[in-house]
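Reader: I would like to go through this model and ask what stands behind the terms used for it.
Author: Go ahead; here it is.

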Amino acid sequence: VSTAVVGVGRAPYTRHPCGSTTATGLLATAARVAVADAALRWPEIDGLAVASMTLAPDHALDLAWRLGLSPRWISDAQVGGASGVQMVADAASAIETGRARAVLVVAGDLFTDFAAHAAGFNAATRDYLAPLDFGGTNGLFALVTTLQMAEHGLDRRDYGRLVTHQRRWAGANPDAVYRSPLSLEDYLGARTVAEPLTIYDCPPVVAGAEAVVLVAGTDAGPDAVRVRGTATRYNPDHQTGTGLRTPVGAAGAELRETTGVPATDCEVLSLYDDYPAVVLAQALELGLTDDLPAFCRTLGGLALNTSGGQLSAGQAGVGGALLGLTEAVTQLRGRAGARQVERARLALVTGYGMVLYRYGAAGGALLLEAA
Amino acid sequence: MTVMGTRCRDCGETRFPPPTVCECGSQDLRLEPVGPGWVAARTRRAGARWPLLVVVETAAGHRIVASALDDIAAGAAVSVECRSGMICAVPAQTAVVEEESTCRS
């Protein structure tokens, strides 16, 4: 039984949510849009997967109750930016084994105190990093970026080329929070957050949510997008590496082996982009290049993070784990408007996250194909 | 106070932060000092209380995130000390034994 995405939805991103906004409300908004897009009736949803860091103290079952759903299958995903791929993989399994027929996958967040959230992210962060005034993940990925620059001969202009490339795509995405043109000079002159990272290297925190609906391929209409394969990896190196090898590398290799499709065959690439260094690490691991400086200089019209990615569209907490997926589905359905990629047939979507100590420990990849 | 990591008596791997079980499955883990080492990467954060955040790599294979109170260059030799609950990279020649500490190690 193959699985297909038949609906996508979003709670619009905002940098400054009004006081009455709640995480549950954002998830509900994205869910309603996705179910309507799928042309399903609300009671037909019998599976629910949720990822949110700010839904607490509620969980998936609480959300099912709040949403008026009575699912046969539910799942809480707790792997940060890799939650999107994990939820789709789990939902596909649930559908293929008959445990659910129509699964709503939803992710999003509303942070009221992001600094406190970052300082208490897990026990290792609380015990070993928070006392250092470490600057959250910005400080940690500044260190990863420094190592990557040294290992691959990259300079700030290279990262700037990637960031401005994504901003150009964002200019055609009315849902992106940052759409105005960004020049390389703007990038190089921007305020430093943690050397060598500037404000443009760090994803802007927004309130928002993303959702998709999956059904069996046999239940899907002509507008569906087929899930060709998924792969995930967790804690591959016990945080002993440099951070320049991500879990996406092994997941991507497995996906290529099981589907027979290399990343270079995909017309649309949604590579998880919490930081530019993470995008470049994945580009290397997925075989898109073996020369990162050259890759940055020749991005051209490459359909990479065509929503603008989290760096321009915004990072709605764990909602970022679904941003690449909803964008890829939109592209493969030919609904991307001014940013539509011509003849988009295959899309590769990755996820990465859960910084246990120095870098992300969870990753995944999935391949989508237009109907 | 010296910051402690672990070495597995069965496979010899070293880890920081200290795990409960080694990846080889052994729980025969011995605490050991994680320094000295060298600065593998550093960053200066805007508005931070301490000038530098660094990754210290030790000969035993530990990689530790630490604050640096002095302007330590990449590649510099350092000791890793726990001072007032904070893991610090200290220039090797000026490393001192610190007073009571609250570092979890």
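Reader: How many nonpolar, polar and charged residues does the lining of the second largest cavity have, by class?
Author: This is a predicted model. The lining of the second largest cavity has 6 nonpolar, 1 polar and 1 charged residues. Leu140(A), Leu143(A), Val144(A), Leu147(A), Val55(B) and Val65(B) are in that lining and count as nonpolar because Leu and Val belong to that class. Thr242(A) and Arg358(A) are also in the lining; Arg counts as charged and Thr as polar. Helix 6 of chain A gives the most to this lining, with 4 residues.

Reader: What makes the second largest cavity a cavity, and what is its volume?
Author: The term cavity is used because a 1.4 Å probe fits at its points but cannot get out. The volume is about 50 Å³.

Reader: Which residues lie nearest the centre of the largest cavity?
Author: Leu271(A), Asp273(A), Asn305(A), Leu323(A) and Gly324(A), out of 15 lining residues. Helix 13 of chain A gives the most to this lining, with 5 residues. By class the lining has 6 nonpolar, 8 polar and 1 charged residues.

Reader: Why is the pair Arg49(B) and Asp133(A) called a salt bridge?
Author: The closest N and O atoms of Arg49(B) and Asp133(A) are 3.6 Å apart. The cut-off is 4 Å between a side-chain nitrogen of Lys or Arg and a carboxyl oxygen of Asp or Glu, so the pair qualifies. Across the interface of chain A and chain B the rule finds 1 salt bridge, while 11 residue pairs are in polar contact, both residues at pLDDT 80 or more.

Reader: How do you know that chain A and chain B touch, and what area is buried between them?
Author: Contact means heavy atoms within 4.5 Å, and 27 residues of chain A are in contact with 28 residues of chain B. The area buried between the chains is about 2300 Å², of which carbon and sulfur atoms give 59%. Tyr128(A), Leu132(A) and Leu143(A) supply 29% of the area that chain A buries against chain B, more than any other three residues.

Reader: What is the volume of the largest pocket, and which residues are closest to its centre?
Author: About 930 Å³ of space lies in the largest pocket. Of the 40 residues that line this pocket, Phe114(A), Thr137(A), Asn138(A), Tyr275(A) and Gln315(A) are the closest to its centre. The lining divides into 25 nonpolar, 11 polar and 4 charged residues.

Definitions and conventions: Residues numbered from 1 in each chain as written. Chains lettered and ligands numbered in written order. Predicted model: local features only at pLDDT ≥ 70, side-chain atom pairs only at ≥ 80, totals over all residues. Heavy atoms only, no water. Buried area = accessible area lost by both parts, 1.4 Å probe. Polar contact = N/O pair within 3.5 Å; in protein donor to acceptor, adjacent residues only side chain to side chain. 1 Å grid on protein atoms, 1.4 Å probe; cavity = no way out; pocket = protein on both sides within 12 Å on 5 of 7 lines; lining within 4 Å. Points joined across faces, edges and corners; volume = space filled by probe spheres on them. Helix = DSSP H or I, 4+ residues; strand = E, 2+ residues; numbered from the N terminus.
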